[in-house]
2 protein chains.
Amino acid sequence: MKLYDLELSGNCYKVRLFAALANIPLDVVPVDFLGGEHKRPPLIALNPWGELPILVDGERVLRDSQAILVHLAGTYGGAAWWPSAPHLQAEIVQWLSTAANEIQNGPASARLVDKFGYPLDKPTTLARSAHILPLLDAHLATHDWLALGRPTIADCAVYPYVALAPEGGVELAPYPHILRWIDRVKALPGYLAMPGT
Amino acid sequence: MKLYDLELSGNCYKVRLFAALANIPLDVVPVDFLGGEHKRPPLIALNPWGELPILVDGERVLRDSQAILVHLAGTYGGAAWWPSAPHLQAEIVQWLSTAANEIQNGPASARLVDKFGYPLDKPTTLARSAHILPLLDAHLATHDWLALGRPTIADCAVYPYVALAPEGGVELAPYPHILRWIDRVKALPGYLAMPGT
């Protein structure tokens, strides 16, 4: 099972983190991102969107880090990470949407500006961070984990770009419950760090 | 089962559309959005994010239209709309992420500016629309439906704000495969329209 990967990408890290926590072996293939390898054949045929990560599992090819988490957890990770009951899956999907939208367009995008020089509007990324992080902090004030009262792929999807927020100039000191949740994630058996977390 | 609803919201329409297609009865409760009813008790307790839709199904409360689709389809809609195999769910989740991010921040946000006067950067919403719609069109050039070769909640999540794109000044004429897919969705048994589609 191949993961086309960029070490500094939080979206790729979501997958590496979960695979480490669930003890799923991955063949991690580094991609020459700066050289645009993901925008050319053969990778562009695997993901026409020209983005990373890409997972290739036999005949199956998946773009989108949230979708890859669902596949890995459901197929190899066991029901603890992605249960089979739809109402429990829905509780997790709430956070997959949050990862895809609010976190991606808030702290993850602030980091893209500061660390990689992406031409995004920095004040907008900061405003979106200032919107989502208090909501996340309030949720974590009464919940140890994002969903189901235990670690799930919801945490793996949201954690990377929240933990990396300071790299985009978004400080986490105002959010004590987020900081404690970060510590809980780091204490999970098998936890894998990435530079910046 | 109560859906706290705003008729002109494409996110709420995702849920009403799917419920109509899958013949799931919903008690639709109109919310005084302009009056800020969703920002005050009792609704703010159901969804601290202060957004619509909100689904209340007995003890279960869900925010986020994608999560609501998963719950309704998995619990009441049958495997055609949300299968139980994780690799098939993952194929759908790719498009739930697309709905939550690229579509929400592209055509849906362009419409928020033009139709409701939201203070978003219109050129950015148009640029994001011009990025995602050709990718969607290319996918639909070789697929009748977004995932699994049949109508699923992937289509219900992406369709509303694509069909409503002209209300944000995003014309669909350059995307013939999207236009044909819109026609296929409209021809589904039980299809429910909304103003603007």
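Helix α4 of chain A, residues 86-116, contains 31 residues, yet its end C-alpha atoms are only 39 Å apart, short of the 45 Å that a straight helix would reach at 1.5 Å a residue. The expected span is 1.5 Å times one less than the number of residues, and helices here are DSSP runs of H or I of at least four residues, strands runs of E of at least two, numbered from the N terminus. The model is predicted: local features need pLDDT of at least 70, side-chain atom pairs count only at pLDDT 80 or more, and totals for chains, interfaces and linings use all residues. Residues are numbered from 1 along each chain as its sequence is written, while chains are lettered from A and ligands numbered from 1 in the order in which they are written.

At Gln104(A), α4(A) bends by about 60°, and Pro107(A), a proline, follows within four residues. The bend is the angle between axes fitted to the seven residues ending at a residue and the seven starting there. Just after α4(A), Gly117(A) has a positive phi of about 70°.

In chain B, an open sheet of four strands with mixed pairing has the order β2-β1-β3-β4, where strands pair if DSSP finds at least two bridges between them. Its edge strands, β2 (27-30) and β4 of chain B, each pair on one side only. Strand β3 (residues 54-57) of chain B runs antiparallel to β4(B), joined by four bridges; Ile54(B) stands opposite Arg63(B) in β4(B).

The contact between the chains takes 29 residues from chain A and 29 residues from chain B, with residues in contact if their C-beta atoms, placed from the backbone, lie within 7 Å. On the side of chain B that touches chain A, α4(B) gives the most, with 12 residues.

Methods. Two residues are in contact if their C-beta atoms, placed from the backbone, lie within 7 Å.
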